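User: I would like to learn how to read the contact between two chains. Could we go through an example step by step?

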There are 2 protein chains.
Amino acid sequence: MVSKNEHAIRSSCPVACALDIIGDHWSLLVIRDLLLMGKHEYKELLESDEGISSNILSDRLRKLQDSGLLDVIPHPESNKRKLYFLTAAGKDLIHVLLALGRWSATHRSDAIFIPEEMRARMAKGAAAFSKEVLRELARWEEKYEV
Amino acid sequence: MVSKNEHAIRSSCPVACALDIIGDHWSLLVIRDLLLMGKHEYKELLESDEGISSNILSDRLRKLQDSGLLDVIPHPESNKRKLYFLTAAGKDLIHVLLALGRWSATHRSDAIFIPEEMRARMAKGAAAFSKEVLRELARWEEKYEV
DNA sequence: ATAAACACTTGTATTATGCAAGCGAACGCA
DNA sequence: TGCGTTCGCTTGCATAATACAAGTGTTTAT
């Protein structure tokens with residue numbers, strides 16, 4: 001077992017409450033990959049640039065499931081693979097991700113790099129971008145009959 | 001020394017970059033207190049409901065200073081006290097805090113409690129709220145000649 | 001002069017993380 | 001049908017971060 005302390009609740013403050021669930025070094029990056037990067041499998045999540053360890057990934061996937069932010073189904077094309085996808089609560093974190101991204105774009109512009117493809121997707125503004133992102137996920141869910 | 005690893009950079013992704021700086025269990029709570037709770041002193045920050053340890057608070061204040069999110073001046077009324085306040089970059093995290101708060105309000109409504117005073121301040125919407133918050137900080141800064 | 005307050009620091013125990021290796025079930029191919 | 005590979009993890013161990021209690025030096029109030 002990787003960790004015992006299952007999102008201990010520190011206070012009833014809305015900010016603290018959200019951080020109890022997603023305020024660690026990895027959870028939001030996993031959610032980013034599932035939400036914005038079109039990733040849905042364990043192996044894809046492992047391969048992200050930040051280099052998450054397999055045990056930590058496994059632990060975070062389970063915790064996020066326990067918290068109701070994501071769900072799993074067996075891959076229809078294979079009995080050994082699985083498909084991870086966000087629930088409504090998980091998808092709604094797009095606003096947090098966009099706020100973080102905008103903050104970095106403003107205050108850490110020298111440290112970040114946004115690939116051309118992503119820049120193009122975001123060109124029409126945050127509202128249009130998140131709408132498109134959610135539409136893509138809806139198409140994916142339809143395809144896999146989630 | 002509390003920690004060696006000074007915000008190691010994991011990737012150039014804007015989300016990851018922001019999390020490298022404020023993606024731990026405590027930084028955003030300190031920023032919440034400085035931004036929304038009108039706190040400016042070490043002791044006040046220590047007394048928050050979440051119960052941060054003094055060594056961790058000390059460490060986070062230094063790291064946030066190193067990252068350019070906050071600054072310190074000696075307290076004009078006392079040689080032993082200090083005043084902590086956010087820089088422009090620190091204040092701009094209000095959008096992240098509001099996104100987190102709104103997420104909790106939507107998806108964790110049973111776990112959170114918003115005091116009446118705060119609820120009243122937020123009643124006119126997020127834009128008006130953040131404007132008022134920043135105006136208050138500006139008044140404080142003027143008073144202390146920051 | 002003394003005691004309390006303040007902003008920390010130090011020491012130590014506990015917990016979380018990172019890394020490498022391993023494991024069983026499923027799969028791909030011969 | 002056997003045989004190496006892939007997948008989604010788990011395990012063991014070293015290192016790092018955090019929590020908790022106690023202490024330190026300076027300032028301040030009485």
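User: How many residues of chain A are in contact with chain B, and how many residues of chain B are in contact with chain A?

Analyst: Keep in mind that this is a predicted model. Here, 38 residues of chain A contact 38 residues of chain B.

User: Which elements give two or more residues to the side of chain A that touches chain B?

Analyst: They are helix 1, helix 2 (27–36) and helix 6 (94–107) of chain A. Helix 6 of chain A gives the largest share, 12 residues. Sorted by class, this side of chain A has 22 nonpolar, nine polar and seven charged residues.

User: What rotation superposes chain A on chain B?

Analyst: A rotation of 180° with 0.0 Å of shift along its axis does so, with an RMSD of 0.0 Å. That is the relation of a two-fold axis. Both copies use the same surface, since 100% of the contact residues of chain A recur in chain B.

User: Which residue of chain A comes closest to the rotation axis?

Analyst: Asp24(A) does, with its C-alpha at 2.6 Å. Asp24(A) sits in the loop between helix 1 and helix 2 of chain A.

User: Why is Asp24(A) classed as partly exposed?

Analyst: The idea is to count neighbours: a residue is buried if 20 or more other C-beta atoms lie within 10 Å of its own, and exposed if 12 or fewer do. Asp24(A) has 19 within 10 Å, so Asp24(A) is partly exposed.

User: How many residues of helix 1 of chain A are buried?

Analyst: Nine of the nine are, so helix 1 of chain A is largely enclosed by the rest of the structure. Among them are Pro14(A), Cys17(A), Asp20(A) and Ile22(A). The buried residues of helix 1 pack against helix 2 of chain A, and also against helix 2 and helix 6 of chain B.

User: At what angle do helix 1 of chain A and helix 2 of chain B pack?

Analyst: An angle over 145 degrees counts as roughly antiparallel. Helix 1 (residues 14–22) of chain A and helix 2 (residues 27–36) of chain B pack at about 170°, and their axes are 10 Å apart. These two helices are therefore roughly antiparallel to each other.

User: Which residues make that contact?

Analyst: Helix 1 of chain A contributes Val15(A), Ala16(A) and Leu19(A), while helix 2 of chain B contributes Leu28(B), Leu29(B) and Arg32(B). By class, that contact has five nonpolar, no polar and one charged residues. As for spacing, an α-helix has 3.6 residues a turn, so residues three or four places apart point the same way.

How values were computed:
Residues are numbered from 1 along each chain as its sequence is written. Chains are lettered from A and ligands numbered from 1 in the order in which they are written. This is a predicted model: local features need pLDDT of at least 70, side-chain atom pairs count only at pLDDT 80 or more; totals for chains, interfaces and linings use all residues. Axes are lines fitted to C-alpha atoms, for helices over the stretch in contact, and angles run from 0 to 180 degrees between N-to-C directions. Helices (H or I, at least four residues) and strands (E, at least two) are DSSP runs, numbered from the N terminus. Angles under 35 degrees count as roughly parallel, over 145 as roughly antiparallel, 65 to 115 as roughly perpendicular and the rest as oblique. Two residues are in contact if their C-beta atoms, placed from the backbone, lie within 7 Å. Ala, Val, Leu, Ile, Met, Phe, Trp, Tyr, Cys and Pro count as nonpolar, Asp, Glu, Lys and Arg as charged, and the others, Gly among them, as polar. Copies are superposed by least squares on the C-alpha atoms of residues with pLDDT of at least 70 in both.
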